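Please keep the structure in view while reading.

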Amino acid sequence: MGAHDQVEERVVTTIVDERAPVPPLEPQLERLLAWRPPVTAETLAYAVILLAAFALRFWDLGARAMHHDESLHATYSWYLYDGRGYEHHPLMHGPLLFHLMALVYLLFGVSDATARFVPAAFGTAMVLLPLLLRPWLGRLGALAAAALLAFSPTLLYFSRFVGAGAQDILVAVGMLLIVAGIWRYRATGADRWLYLVAGGLALGFTTKEVTYMLAAVLVLYLNGALAAELAARPSPEQARGAVHRWLTLGLMPVAWVVALVWPWFPGLRRRFGGEELPRSGALLIVVGTLAAPFFAAGVEVPLGRVGVRMAAPAPIDGWTNEQFWGALTIGVLVALSAYVGLGWDRRRWLVCAAIFWGLSIPLFTTFFTNPEGVATGIWGSLDYWLQQQDVRRGTQPVFYYLVLTPVYEYLTLGLALVGVISRALRSGWDTAAAALAAVVLLLVGAVVGDGAHLSLVFVVPALLAVTYALRADPFRQFLVFWLGAMLLGLSAAGEKMPWLAVHFALPLALLAALTLAEAAGAVRGLTPKAWVRPVLAGAAVGWCAMAWALLSDRLSWANAALVVTLLVSAAALVVAALGRRAWVAPAAAALWLGLFGPLSVRTAVVAAFAHGDIPVEMLVYTQTTPELHAIQRRIEEYARRSGLGTNLPITVDSTEAFTWPWAWYLRDYRNVSYPDLTAYRANPSLVQSLPAGGVLLAEYANADVGVMRPDLYGPGIPYKHRWWFPEEYRSTTTANFFRWLRDPAYWKLWGNYFLHRIPPAPLGSIDAVAYFPVEAGANPVQAMPPQPRTEADGRLVAGGSGIGAGFLRRPAGLTVDRDGNVYVADSLNHRVQKYGPDGRYLATLGGPQQFREPWGVAVDRDGTIYVADTWNHRIQKFDRAFRLLAIWGSPVRQVGLPNPDSLELYGPRAIAIDGEGNLWVTDTGNNRVLKFSPDGQPLGSFGGPGNGPGQFQEPVGIAIAPNGDILVTDTWNGRVQRFDAAFGYKGEFRVEGWEDRGAENKPYLAVGSDGSVYVTVPNAGAVLVYAPDGRLLGALRVADASPGGGTRPLGVAAGPGGVLWVSDGAAGTITRLLVRHP
């Protein structure tokens, strides 16, 4: 018998019978009031963890922009608080969160911060719940679990989130209560733990539909536990032998039936050795009978297969089939549940039912003001959820959670895996073989399934094998079953979202805590001298490896350090599990914690605070950008200055669901409308109905609507409404996954993401334009173009940060025509601007209605202008009078497919024109260079992803040398490649400083008349100068002209007479330098 088994038996035999007569209430109350928590090291540790959890969850809650889902929950809760009522609809899941948020508004006021109080409070309370599982986790295990829950990146992020993720936090708290109730009741038989289970179920079902899956997991586990208990009753001496295991296996399909019919079959009770149903059976009845009515809508699946249409008329006049079958199924399930529950134990079941339905019905009906809530809650919740599985919102691959979870929960995932493996290895040859079989099944599933749903077929037997391998450790067995079943169910489901990772983070934290508790327990009986030094050494080595990985600029070595340290610590833990050296386990655990502990805390803090609304985090998914806060402040300022206040007319384009989160931010304004402006573009007469003196917020494609009313609106202010993480992993297959494992470039790519959150591709976005009234003082449109200025060192600086004529926002690529005029891709103002040789503003080409973040521009010898319209994924051609001549290119049909068509572009960044007038375009997202004739006919496609000669990873800048050679900045490979005029590879030279894969780090290059190469290094604020043979000659610094300091040179262009123009993306300027060719 293992140490863990002894602990569990001791729990069962030593906890007092909690069903003893209850003492009078008055002495109990007196004792409660007189109780003072003992001041011990353990209680102080819990206090510190609780305070840390509270601070992390409540600090600066209102800073992040409201996510689309957050604004829905916040607004409808505000309606309830404001007296407008609330009607449950499954679209936004259960009613509990809305009622709690309305209560918070009543107590603390209405704001972005208070809207997030409820998940923050539940996330804080969660860290103390492992105390209920202390008999199974142990003292140190419960403390470790509290700490792991407090600092879990996933749990922390969604504890500060009020959308669907907040509901998952509430469900997780409910699940912890249920788990504690189940294990406490199995150990003691005390009624109150049954009542806790009923309350936890009510919390879950009134919060979110993922509870259906959790309830199914509990029922399956309790069915298996009941089968094991029934198998042990006839012959207790065989309870741990092969006979018991075979009996358990045979009873599993019918154990639940035994529980249902137990009260009415005395012979059955005698057969299984007792009058009282085993405690697992009692729990099975409570969970099953309370949850069963909520599964009523599942009848639609078999009915649909036999041709019953739910919308068709039913046999009862005025009813549809859905109403008829819904009422019938719910009625039957309620009656059967009551019959079984009352037959089992009238008093206890009635109390459980009163708790469950006494919480559920008032919430679904909004305290009986919405009687239809009974139907939308019991039937509609599952009905809607089943429909959404075909919608496949999120369109994530089946392996989505296997990508997401290790990125954030690597600390607990590693500890959990080591604990499971070590436990299986030390329990016997059969359990070790079962664990090995599980690994083989998972590998076969990965190969055969190739990232599709077929692979899940192999997960089921693998999960059963692991469950068997842990038969000697029931609590860990339950946690693994819970984790594996949820991973299987959520991966098979059509809708996959990052907040559902909460349901993996929770059991992983508990499993990791068990591993840490066992590692700490290994030092019992050893002298401090025998284990203190190895533990300190392990922690120091792990911490040093972590620090090197974070600080090293040699990422391949940093990756190697992480992997080696990981393997060493994992192997050491397994060796310790086999009993080789008692000190090895704590030393290995210290090594692991030293390596991944600080890293995990950093991951959690950065995700929650630094990147809360920046989708370089996979947890963020699709997020409202911080730019909405700036637009909101401008609206508030204009409302104040104009005297209109909350009567200010505001028109919000409802295209692309732009209503949200504006409905939340503009909740106090009385004159807000949400038309679809697409119709206004098609029917210009509608534009005349726009109110005077108001604000217009238009989706980017409908920006023309504001331009059509120059009498009402000033120049538009472009901004990003929503943005999202680039999901490059979607196209992963088993074959290319194993190929990437052998490719150092991919190790570096994902190492950069894991350590520094540099995404593998640019962020996606949906943009908008804000228009303010012409007379609006809040509209930051500069009246006159800025005048160029000459710095003391002779540099000429033109432009300046802003949106007016001559002002620039993140100027990118630029070019110089034969007359010395400069054309600048003014990317964030969605236009191209022209300046004279002296830096004076001359003209503007385009705007939000013409371009979407243009990054590149080129002018041929005749003055024809070509623009890389980057995020419209096309090239546009204009004559010298800015008249449009041609457009070619379209978005790729599917990102990641090899060899896209030459006219399928993905974020083209730069254009160069050769001596024959042909265009060379860097098709950045497709990792290639394209050649076009002047009228847009494809003439060639060169390159492809990779790090070999002629291959690219994020090609950006391109230039033609005087001898006709073509040079390309191969950014993520850290080099400039040189090709001949037919694009034959000639050589390359390295460039230091391009390691950052951020969206702003896009280097360009230019070639002087003597062949010198000028290359920008945006993050270093420098322009490097290379000789034609690739020797580094020196560096040029761009003048710092940004108000907040800093410089980010992006575009560079060589002009006549030794002139070099450089665009500064941070300062919003262009700078003219006079260079001397060496």
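In this predicted model, helix H12 (residues 191–205) and helix H20 (residues 346–364) pack together, and the crossing of H12 and H20 is right-handed. On the side of H12 the contact includes Asp191, Leu194, Tyr195 and Phe205, while H20 contributes residues among them Arg347, Arg348, Val351, Cys352 and Phe364. Sorted by class, this contact of H12 with H20 has twelve nonpolar, two polar and three charged residues.

A second pair is formed by helix H26 (residues 474–492) and H27, which pack at an angle of about 155°. Since angles over 145 degrees count as roughly antiparallel, H26 and H27 are therefore roughly antiparallel to each other, and H26 passes H27 in a left-handed crossing. Residues of H26 including Phe475, Trp482 and Leu490 meet residues of H27 including His503, Pro507 and Glu518, and the contact of H26 with H27 divides into 15 nonpolar, two polar and two charged residues.

The two pairs are set out below.

| Helix pair | Angle | Axis distance |
|---|---|---|
| H26 and H27 | about 155° | 9 Å |

Helix H27 (residues 502–521) has 20 residues, which at 1.5 Å a residue should span 28 Å, and its end C-alpha atoms are 29 Å apart, which agrees. H27 is also mostly covered, with 17 of its 20 residues buried.

Key. Residues are numbered from 1 along each chain as its sequence is written. This is a predicted model: local features need pLDDT of at least 70, side-chain atom pairs count only at pLDDT 80 or more; totals for chains, interfaces and linings use all residues. Side-chain values use heavy atoms; hydrogens and water are left out. Axes are lines fitted to C-alpha atoms, for helices over the stretch in contact, and angles run from 0 to 180 degrees between N-to-C directions. Helices (H or I, at least four residues) and strands (E, at least two) are DSSP runs, numbered from the N terminus. A crossing is left-handed if the near helix is turned anticlockwise from the far one by less than a right angle, and right-handed if clockwise. Contact means heavy atoms within 4.5 Å. Ala, Val, Leu, Ile, Met, Phe, Trp, Tyr, Cys and Pro count as nonpolar, Asp, Glu, Lys and Arg as charged, and the others, Gly among them, as polar. The expected span of a helix is 1.5 Å times one less than its number of residues. Buried means under 20% relative accessible area, exposed over 50%, partly exposed in between (1.4 Å probe, protein chains only). Angles under 35 degrees count as roughly parallel, over 145 as roughly antiparallel, 65 to 115 as roughly perpendicular and the rest as oblique.
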